Amino acid sequence: MYAHQAETWETVARGGHVVVTSGTASGKSLAFSLPVLDAVAREPSARALFLYPTKALAQDQARWLARLGLRGLRPAIYDGDTPIQQRAHVRRTANAILTNPDMLHVGVLPHHDRWGDVLHNLRVVVVDEAHVYRGVFGSHVGNVLRRLRRLALAYGADPVFVLATATIANAGELASALTGLEVQVVSADTSPRAEREIALWNPELVDEELGTRASSLGDASLLLAGLVQQGLRVICFTKSRKAAELVHRFASDRVDTATARRLAPYRAGYTPEQRREIERRLVEGDLLGVTATDALELGIDIGSLDCAISVGFPGTVASLRQQWGRAGRRSRGLAVLVATEDALDQFFVDDPPALLERNAEAALIDHAAPRILDGHVLAAAYEGPLTDADAAVLGPEALERAALLPELEPTPAGFVWRGRDTPAARVSLRSGDPEAFVIVEEDTGAVLGTAERERAFSTVHQGAVYLHLGEQYGVTALDLEAHTALVRPVTVDWYTQARKETTTEISESLRSRHVAGVLLHHGRIAVTEQVVGFQRKAIADGSVIDTTPLELPETSFVTEGIWFSPDEWLLEGIETMPTLVSALHAAEHALISLLPLYAMCDRWDLGGLSTNVHEQTGTPTIFVYEGHAGGVGLTERGFGRFAEWTRDTARLLERCPCRAGCPSCVQSPKCGNLNELLDKAAARTLLERMTT
């Protein structure tokens, strides 16, 4: 038994809550399973709940528990794939129930009367891959776990929480934010680890002036084919379902027929039976190479692999280490990052120590943000009257919101739900907007996903090309009253980019400090956006095909952000128009592209505005704000690390070989001004002056 396994067991035995944080293949599964096995052995009626972010992880853990062959241990999965006729049997007999937060949210807690025996005997709750629960999703999960605690207490139980996470900067803080409990961090990792060789691969620069490089998918398929032909077992991670299929197809074309039969893609969209078959072939060694989306990034035991290839930086150092940890678990391994044109990828391949020596990021959530909390307050009131005593578990903010929500009625027993439906069903754990638009495939009626109102007008407007898991869909209609976007599959060689008009109003400065040559503010910002048109652009070279005007309503939301106004000496020589606004615009884009270095997010979670004169500051000003109402602390993290953030951004512009700006430095795929008025050289001048 390794040190972290023993410490976890001892902490839980004392009644403490714990989060285990360590690298891949370090024995975390055994660490968090030991308290469950101990509880079941000591108390035959004891129950345990395992929460996983994906069905594949739950399947893997169920197999692992079953292989233990322990008398009295009865593991079972309860998720959307569980047949209806088997669900009552799972509730009655299983003492290790494996599920996911979504099923707990809508399938368990609102129907707690069916789960009374489980809740009464609930002794341990395991939350695996806790680092996945960040941002909006994590904020929702934090409320779901509080609702679980409330109901367990109502049924006479007070379970211990055991969380497991990859190495992140704030494991204890995240675990406490998710559960509302004091949690002990167990980070000592004495498990053996094989050597791993790391390679950063940058596709060939084919046009230096434009910054264009060879295809990262093509290079990844070349690597995959070459490695499997040497008899090595390889996993290749991509960011989309379509990319996984393309790398698989390209690699299969490069090898002989017999080897091609030992390659397979693994992605969302397969049936459960198809996924299980691929997993079986992986574990048994029948497959030599697999191309995957992040479904296999997490802790699934897929046997002994020799090489892991990541096509593009996955957004966080923690995720990259998870992917690379798939290879070399038992013997020397190879880990490769194939860079794309994204600014973060190019930053890292140009400065490998910035990646390899970087500490993992912090995972941030805010369960009390009203737009996230309100739906869970309604759900909790449906599950049982809300009283002042519930503030100890749900948080005082929940009771404050309950008094303001018209759907709740104050009674002598507490706040109760007045409606006839189940309020939990209204709340998507993946969205922070109760008015989100549902994206529906027109021909089949299948729901592909949701888009928050603030994003819907720019991503699923009529005429847009919407990407779902890498597949193209054309938007045929956007119904503003029904909050529905209708789409149908298309295959086109162009994409769409919306043009937006954005204004910001400073609501409140929460803190400020002098850093990097400027007075930096962090506070609340009211953002107003209006989509006024869109362009169709060729995928091949980004050239504009045509522009179409749109008439859509304004959207407004209050969020958190940072802003600063450069002093005159920082703008000397670039203070005339249009150079000034072009410098600020390019600097804004570059800053946004690198904030994910310091907070677990991607650039799509962020927004920005730069102006030569802001109506409140009266001076040139740059804003970077969070794209979700309320914010979850991303820009607060940037406020605290602004000196390093600015320095890294200046270095990015210095090292990018393009002449006037490219997707690897100052061009943004989400720019509301369609990447017009960008001056890379002037932005570099500004940022370098700020860092000297």
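Visitor: Before we go on, what am I looking at?

Guide: This is a predicted model, in which local features need pLDDT of at least 70 and side-chain atom pairs count only at pLDDT 80 or more, while totals for chains, interfaces and linings use all residues. Residues are numbered from 1 along each chain as its sequence is written, and side-chain values use heavy atoms, leaving out hydrogens and water.

Visitor: What is the strand order of the sheet, and which strands stand at its edges?

Guide: Read across it and you get S19-S18-S22-S21-S20, an open sheet of five strands with mixed pairing. S19 and strand S20 (465-468) are at the edges; each has a single partner strand, so one side of each is left without a neighbour in the sheet. From one strand to the next, the twist averages 35°, using axes that are lines fitted to C-alpha atoms and angles that run from 0 to 180 degrees between N-to-C directions.

Visitor: Which way does S18 run against S19, and which way against S22?

Guide: S18 and S19 run antiparallel, joined by four bridges, and Ile439 has Gly449 in S19 as its bridge partner. S18 and S22 also share four bridges, but run parallel; there, Val440 stands opposite Leu486. The hairpin of S18 and S19 has five residues between the strands, and Gly445 takes a positive phi near 80° in it.

Visitor: Arg488 came up as a bridge partner. What does its side chain meet in a salt bridge?

Guide: A salt bridge here is a side-chain nitrogen of Lys or Arg within 4 Å of a carboxyl oxygen of Asp or Glu. Arg488 meets Glu442 that way, at 2.8 Å, N to O. Glu442 sits in the loop between strand S18 (437-441) and strand S19 (447-451), and Arg488 in strand S22 (residues 484-489), so the pair ties together parts 46 residues apart in sequence. Both are partly exposed, Glu442 because its relative accessibility is 33%, and Arg488 because its value is 36%.

Visitor: How many salt bridges does a search of the whole structure find?

Guide: The search finds 22. One of them joins Glu508 and Arg524 at 2.6 Å, N to O. That pair links distant parts of the chain, with Glu508 in strand S23 (residues 494-515) and Arg524 in strand S24 (residues 518-538), 16 residues apart. For a local case, see Asp38 and Arg42 at 2.9 Å, N to O: both lie in helix H2 (residues 28-42), four residues apart, about one turn of the helix. Arg42 is exposed, at 66% relative accessible area. There is also a network of salt bridges linking Asp350, Asp351, Asp648, Arg651 and Arg655.

Visitor: Let's end on a loop. Where does Asp679 lie, and what does it touch?

Guide: Asp679 is in the loop between helix H22 (642-655) and helix H23 (680-691). Contact means heavy atoms within 4.5 Å. Not counting residues up to four places away in sequence, Asp679 touches Thr579, Ser582, Ala583 and Ala586. Helix H20 covers residues 579-594, and 15 of its 16 residues are buried, so H20 is largely enclosed by the rest of the structure. Asp679 itself is partly exposed at 22%.

Definitions and conventions. Helices (H or I, at least four residues) and strands (E, at least two) are DSSP runs, numbered from the N terminus. Buried means under 20% relative accessible area, exposed over 50%, partly exposed in between (1.4 Å probe, protein chains only). The expected span of a helix is 1.5 Å times one less than its number of residues. Two strands pair if DSSP finds at least two bridges between them.
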